[in-house]
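Here is a friendly walk through a protein model. Have the sequence and the structure open beside you as you read.

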Amino acid sequence: MTAPKWTPGPWMMTDAGSFVNDAGTPVVGVEHRTRKLNEREAANLALIAASPDLYAALDSIAQFAATADWGDPSQRCVEVSKQLLLKADAALARARGDGS
């Protein structure tokens, strides 16, 4: 698998309207706002900020699906599935703006 070329996450939006990762590395800039974001703009920014989490969750699920022995309903398969679903749920919540 090819390594991602984007700035590693998690990403956060600064008060100035740009995005940085947890190390403070700039990700992408957006226009500086002098007004409060409307609901749609805030939702769009939450989705952008969640991009690394969404990618990681989907990548984990795809890797598991590619290597799982689907004929063996073992406890390990069930536990890994639960962990992957929790990761996916958390990423989706962040994309909706429900998480940090």
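Leu47, Ile48 and Ala49 in helix α1 meet Ser51, Pro52 and Leu54 in helix α2, where a contact means heavy atoms within 4.5 Å. Helix α1 covers residues 39-49 and helix α2 covers residues 51-67. Two packed helices are described by the angle between their axes and the distance between the axes. Here the angle is about 50 degrees and the axes are 4 Å apart. The axes are lines fitted to C-alpha atoms, for helices over the stretch in contact, and angles run from 0 to 180 degrees between N-to-C directions. The helices α1 and α2 are therefore oblique to each other, since angles under 35 degrees count as roughly parallel, over 145 as roughly antiparallel, 65 to 115 as roughly perpendicular and the rest as oblique.

A word on the model itself: it is predicted, with local features needing pLDDT of at least 70 and side-chain atom pairs counting only at pLDDT 80 or more, while totals for chains, interfaces and linings use all residues. Residues are numbered from 1 along each chain as its sequence is written, and side-chain values use heavy atoms, with hydrogens and water left out.

Now for the whole protein. It has 3 helices and 3 strands, arranged along the sequence as β-β-β-α-α-α. These are DSSP runs numbered from the N terminus: helices are H or I with at least four residues, strands are E with at least two. Of the 100 residues, 25% count as buried; buried means under 20% relative accessible area, exposed over 50%, and partly exposed in between (1.4 Å probe, protein chains only). The accessible surface comes to about 7100 Å², and 59% of that belongs to carbon and sulfur atoms; the areas come from the Shrake-Rupley method with a 1.4 Å probe. Among contacts with a separation of 6 or more, 47% join residues 24 or more positions apart.

Which residues make up the largest nonpolar core? The 5 residues are Phe64, Ala68, Cys77, Val80 and Leu84. Helix α3 (residues 75-96) gives the largest share of this core, 3 residues. Such a core is a set of buried Ala, Val, Leu, Ile, Met, Phe, Trp, Tyr and Cys residues joined through side-chain atoms within 4.5 Å. In soluble globular proteins, nonpolar side chains tend to be buried together. Phenylalanine 64 lies in helix α2 and counts as buried because its relative accessibility is 15%.

On the strand side, asparagine 21 is found in β2 (residues 18-21). Is asparagine 21 buried or exposed? With 7% relative accessibility, asparagine 21 counts as buried. Its side chain reaches the backbone nitrogen of threonine 25 at 2.9 Å, a polar contact in the sense of a pair of N or O atoms within 3.5 Å, one able to donate a hydrogen and the other to accept it. Beyond its neighbours within four places in sequence, asparagine 21 is in contact with residues including Trp11, Met12 and Val27.

Methionine 12 belongs to strand β1 (residues 11-13) and counts as partly exposed at 32% relative accessibility. Leaving aside neighbours within four places, methionine 12 has contacts that include Phe19, Asn21 and Arg94. Threonine 14 sits in the loop between β1 and β2 and is partly exposed at 24%.

Some C-alpha separations to check on screen:

| Residue pair | Distance along the chain | C-alpha separation |
|---|---|---|
| Phenylalanine 64 and cysteine 77 | 13 residues | 9.2 Å |
| Methionine 12 and aspartate 22 | 10 residues | 7.4 Å |
| Threonine 14 and proline 26 | 12 residues | 9.9 Å |
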